[in-house]
Amino acid sequence: MAIERIDLVWLLVATCMIFVMQAGFCCLESGFVRAKNSINVALKNLVDFCIASLLFWLFGFALMFGISQNGWIGASAWMFDARGETSIGAFLLFQLMFCGTAATIVSGAVAERVAFSSYVVITIIISGLIYPVFGHWAWNSGQLGGESGWLAALGFIDFAGSTVVHSVGGWVSLAAVVVIGPRMGRFKKGVAMIRGHDLTMSTLGVMLLWFGWFGFNGGSTLAMSADVPSVLINTTLGGCAGGIAGLVASRLIFPLPRVEDFLNGTLAGLVAITANCNNTSALSAVLIGAIGGVIALLFGQWLERLRIDDAVGAVPAHLGAGIWGTLAVALFGDPSAWPVPHDRVTQFGIQLLGCVVAGVYCFGFTYVVLKIVNRLLPLRVSPEAEHVGLNQAEHGASSAMLDLVNDMERHRVEGRFDGPVAVIAGSEVEPIALQYNRVIQRVNRDSERLRRVIEALKRAKAEAEAANQAKTAFLGNMSHELRTPLNAIIGFSEILSGELFGRLGDDRYKEYAADILNSGKHLLSLVNDLLDHTRIESGRVELTEEEIDLHDLCRAVLRMLQDKAVSGGVILEADIPEDLPELRADERAMRQMLLNLLGNAIKFTPKGGKVTIAAELEADGRFAICVRDTGIGMKREDVPRALEPFVQLHHHLSKSYGGAGLGLPLVQALMRLHQGSVTIDSREGVGTVVTLRFPRQRVSALAIAE
């Protein structure tokens, strides 16, 4: 094949432009991964180009463009020496760049979990065994003599490699990520999506790739022909449309448009137009690129649902858009310019056949080989290496960012912030490290202050508990000491008021004795309340539970308080249904609670008022006892204070009411022991309603039913 001098210059310039794509892939993929793996990805981009170039020179070029053996494989031009063969040498160098591009697509997809040595094996597979063979089928048209590859002979069209380069790289990438599996935590529930550490670098990578694409597509004319400007225009339009379509689609799917979708949409538009950029209109180029950008986004979402982890979105951008671009040749291309005349339907079938063959061969061959290799040489790094990062685990390399992250992780794991992180002067993370150290200093100061406060609180708590125990013991002892003389006073006053040993000389003595008796009983009631309060507070009260007939218990309590109600001119009523289920509770505690509530209600209800006790089984199964009075009531804001021990509200301080302020607190404490609750609804001058609610498990009928 002879090339004119101007064409040779253009081909070599285009070749150099394509090499810039390696730098583009390096920036794109390094930015898309986490900082701890960026160096590893960059090295893989360089090593795969070196390996692919050597293998393509050794035998790949011969397999791909050598004299065809029945359209299946080439067999000439081994280890080609370009001395004296300028045209073929330029063509070999141009095609070598394509091989390197196909190989480097894989590095991004499998990033962050594939061992460096394993990646070398993958590169050998694609650049030495897969790309040259399929390239022979699709692109060998007798450039070095002989017949064409079998797909090319059928009329398969792929001008600059939507399938031969990009889909091949995409199929190999898909097989590799399926065999290797997702990154640790990639699809763990509740874990956020792994995001790249430097999307600015990735954006630069897309721009470098775009520049290289001008050589990729423009150089595929193999001549400085009149077609070059339209090829470059279509390439530009396809990339622009793909990026905008990806951006719009991302905004429609997500709350905010994602940078990754915009970048990969741009690449997908470039990939899609690559197969047909020499044989389509500008409007068609826009449509092809836009659809390619949307396909890349939707394809990526589908892979995520399948839990297939592509670290940089290489499979959607190169495989998905590559298939679409190849099929679009039959939909948008000009049939008059096709090398083998076909109608659109026939051409579409040939294009589809080429895509299917690429998938079966590239994916199938790679999957089988990698499965075998993975048994002999594990492709994936250890979990420890993946956690640390491949920069350090595989190359002993680090960075200021990685060192800072490791120091911060050490602080998190150890839970100690007694030492600052290292500050590397002039590095990009110097401001972050300095600010982090300032935060550590503040945290340490606040932690020390908090520690001192906690120690002071502990001491205060210990002192308060000791004082409370002393108070409880004192009150308990004093209560016991007071009960003995009080019982004697009550007994002697009962004898005097009853004139057991004969009539007293003066009726006033009898009245005084009755006053002494009533005062003694009142004082004994206060002492008993105080003793019960101290016993509950010290945790020495245990319930003796039994089945209680509330109807009988209420009647007994009402009989005990009837005289008190009559003497105060208060009407005492009960509304207790006889068919109520029995309540499992402590009878003594129940009696004491009812006596306290009814006694208080009678005491605070003026003459002519009414006190009512009612009980019912509520809709939710709880047992409710309600004591209602038409007494003096309380202000709503005073209700919480009425439940505090030893608190007497301002209108309760007169001698006519008396009391120690322990009635309601005792009721509340006893209800807590029964796992129940107390609610108070009171209005000043109207009355008070106190409701005791017992949990449904204490209602016998429900407990049996369950």
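Contact means heavy atoms within 4.5 Å. Helices (H or I, at least four residues) and strands (E, at least two) are DSSP runs, numbered from the N terminus.

The model is predicted; local features need pLDDT of at least 70, side-chain atom pairs count only at pLDDT 80 or more, and totals for chains, interfaces and linings use all residues. Residues are numbered from 1 along each chain as its sequence is written, and side-chain values use heavy atoms, with hydrogens and water left out.

Two strands count as paired if DSSP finds at least two bridges between them.

Strand β2 (residues 571-575) runs parallel to β4 (residues 610-617), and five bridges join the two. Within this pair, isoleucine 571 has lysine 610 of β4 as its bridge partner.

β4 also pairs with β5 (residues 623-629). Here the strands are antiparallel, with seven bridges. Alanine 615 stands opposite isoleucine 625 in β5. β4 and β5 form a hairpin, with five residues between them. In the turn, glycine 621 has a positive phi of about 95°.

The sheet continues from β5 to β7 (residues 687-694). Seven bridges join these antiparallel strands. Arginine 628 has valine 689 in β7 as its bridge partner. In a regular strand, side chains alternate between the two faces of the sheet.

The protein chain as a whole holds 22 helices and seven strands. It has 706 residues, of which 50% count as buried. Buried means under 20% relative accessible area, exposed over 50%, and partly exposed in between (1.4 Å probe, protein chains only). The accessible surface of the chain comes to about 33100 Å². Carbon and sulfur atoms account for 61% of that surface. Areas come from the Shrake-Rupley method with a 1.4 Å probe; for residues, only the protein chains shown count as cover. Among contacts between residues at least 6 apart in sequence, 75% join residues at least 24 apart.
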